[in-house]
Amino acid sequence: MGGACFPAGLAQFPSRVPALHPSRIPSIPTMGNVPSAVKHCLSYQQLLREHLWTGDSVTGALDPAQMADHTEVLRGIYRYPGVRYPVLTPNLQGFHRAVAAGATEISVFGAASESFTKKNINCSIEESMEKFEEVVKSSRQMNIPARGYVSCALGCPYEGNITPQKVTEVSKRLYGMGCYEISLGDTTGVGTPGSMKRMLENVMKEIPPSALAVHCHDTYGQALANILMALQMGINVVDSAVSGLGGCPYAKGASGNVATEDLLYMLNGLGLNTGVDLYKVMEAGDFICKAVNKTTNSKVAQTSFSA
Amino acid sequence: MAMVRSTLPRRLMGLASLRAVSTSSMGMFPNQVKIVEVGPRDGLQNEKNIVPTPVKIKLIDMLSEAGLPVIEATSFVSPKWVPQMADHTEVLKGIQKFPGINYPVLTPNLKGFQAAVAAGAKEVSIFGAASELFTKKNINCSIDESLQRFSEVLKAAQAASIPVRGYVSCVLGCPYEGKISPAKVAEVSKKMYSMGCYEISLGDTIGVGTPGLMKDMLSAVMQEVPVAALAVHCHDTYGQALANTLMALQMGVSVVDASVAGLGGCPYAQGASGNLATEDLVYMLTGLGIHTGVNLQKLQEAGTFICQALNRKTRSKVAQATCKL
């Protein structure tokens, strides 16, 4: 009788989730001033994968002061072989500075919402794509890989509902201009596994799952459930932030990124190989929380560390 | 650097192997889910400070207003062991009994059962475990001995036409034994079901489970107990509760236990969180188009009330988020 509950035909979970992209982009800027020395130390924990490069065009949602030391940080970190250190470059100027500082991978941030794009970078989606096209074209000429982000993939703080079709349209544009991977972000964490499934089904009509990543926020506690759904759909790249750093700039008091430790706990339990050492991530989390005087958002860390 | 408890990942690494759930199974979510609210009992039981009786009664009344179909009201256990539940009779007599809502109470033995019935209980629960060591440490007997005790309660309940819900603790891991085999969980569940429990709630007592383990355990149990008679009771100690619950839903489970505001800690991990927050569960189920009958706003009001009364912050992420979309 139990067998009747199982559908015929089984799909595999991906056998490995090859790239975790702990993203500090939404997080460090909302945390107050973090000294450059602290950011350097993060990299020594093999955790620092992405660094925010603001250039001169800083978005309204971010505190420009937080990322002003971009050159120092990028030059100061130890570059482990086999580890990638992408930086965010919102425009051509930022891109050139990033390259001058030694960047070997860059990211561009689009959104599936006109209102969000307007409020954030004061232009339309189309205009933002034109800017990114310049950046990505230059990066391709220099053999520098570019990663594309699509914010508001499951909902927008201004527009509310976002159609999967719109997400696909923007993703396809970024992929078509040369981004090797598209990270689909549930920026305000409003998504649930059903909306994640619908969105991914639509995007996967145009972009292969191997070129997709998910970037789930835990604002409503849905992140791991949404990630589980994405894994079941064939996605094998997941963004997360150590200690679940960062809040949600659109929801005061709310949590932000999914905690890398909690994600790793789930992936390890599922037998998915990430190559990431949970102990070391927890040490990095402990380090940065002490440095910025914040409590961790990771449940694994809360449980594991002695008081 | 802080020391990390070395037992943590070792329990994980060797346990899992690749598991798969068909993407087509995602269309098989139940149309509706019955939420069993355990905040007033499981939640408050883990709170250090004694909660005044009127506060407990008001909490339960607010949860009834929110439309929860089952609210575990209290526990008829000796006050010597669980002082928080010493006022069980007053609570059960003091709450408003909304039509269509069940108010089960925990009864660890015949004495507790009789007291519960005298106080007006119409449904009771009994607590087993899939771990010998856990049973020994908790109630100082073996699993078989505990089942013998429960059979007395079940006989009396049957005679009084009172339904009995069975809980099985440690289904995905034990704080003493570590790994628990799915076969053991199936064995204990089968025994409790055949003794007369109408439903078996499978509890990840220390929250160590992950979706693959949940799937393996449910696969084994579902060979012995029909899925319609199963519930899951996930703890969020390692942040896995909602993902584990999602897996259970995909397997066909349609009854989920949760606790308003994520009330209750974990007695085995100081500082750790405990139950899955009902608000976060309702948010997910609503997003999945699954009917629960629960009014999220009223549920949040109940959560706000009890957190203020306890002077502590909610553990529900939905409650923490203030942005309106």
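In chain B, strand E8 (residues 230–234), helix H10 (residues 241–250) and strand E9 (residues 255–258) form a right-handed β-α-β unit. Helices here are DSSP runs of H or I with at least four residues and strands are runs of E with at least two, numbered from the N terminus. Right-handed means that, with the strands pointing away from you, the path from the first strand over the helix to the second runs clockwise. This is a predicted model in which local features need pLDDT of at least 70 and side-chain atom pairs count only at pLDDT 80 or more, while totals for chains, interfaces and linings use all residues. Residues are numbered from 1 along each chain as its sequence is written, chains are lettered from A and ligands numbered from 1 in the order in which they are written, and side-chain values use heavy atoms, with hydrogens and water left out.

Let's stay with E9(B) for a moment. E8(B) and E9(B) run parallel and are joined by two bridges; strands count as paired if DSSP finds at least two bridges between them. Asp257(B) in E9(B) is the bridge partner of His233(B), and Val256(B) in E9(B) stands opposite Val232(B). Strand E1 (residues 34–37) of chain B also pairs with E9(B) in the parallel sense, over four bridges, and there Lys34(B) stands opposite Val255(B).

Are the faces of E9(B) covered or uncovered? Both are covered: Val255(B) and Asp257(B) on one side, and Val256(B) and Ala258(B) on the other, are all buried. Buried means under 20% relative accessible area, exposed means over 50%, and partly exposed lies in between (1.4 Å probe, protein chains only).

Next comes strand E7 (residues 199–204) of chain B, where six of six residues are buried. In a regular strand the side chains alternate between the two faces of the sheet.

What does E7(B) pair with? Strand E6 (residues 164–169) of chain B pairs with E7(B) in the parallel sense over four bridges, with Arg165(B) opposite Glu199(B). E7(B) also pairs with E8(B) in the parallel sense, over five bridges, and Val232(B) in E8(B) is the bridge partner of Leu202(B). From E7(B) the chain crosses through helix H9 (residues 211–221) of chain B to E8(B), in a right-handed β-α-β crossover. Another right-handed unit is made by E6(B), helix H8 (residues 182–194) of chain B and E7(B).

A pocket is found on a 1 Å grid over the protein atoms alone, as an open set of points where a 1.4 Å probe fits, with protein on both sides within 12 Å along at least five of seven lines; lining residues have an atom within 4 Å of a point. Of the 42 lining residues, the closest to the pocket's centre are Gln45(B), Val77(B), Leu106(B), Asn138(B) and Ile139(B). Helix H6 (132–139) of chain B gives the largest share of the lining, five residues.

Finally, look at helix H11 (residues 278–287) of chain B. Eight of its 10 residues are buried, so H11(B) is largely enclosed by the rest of the structure. Among the buried residues are Leu281(B), Val282(B), Tyr283(B) and Met284(B). Just after H11(B), Gly289(B) takes a positive phi of about 75 degrees.
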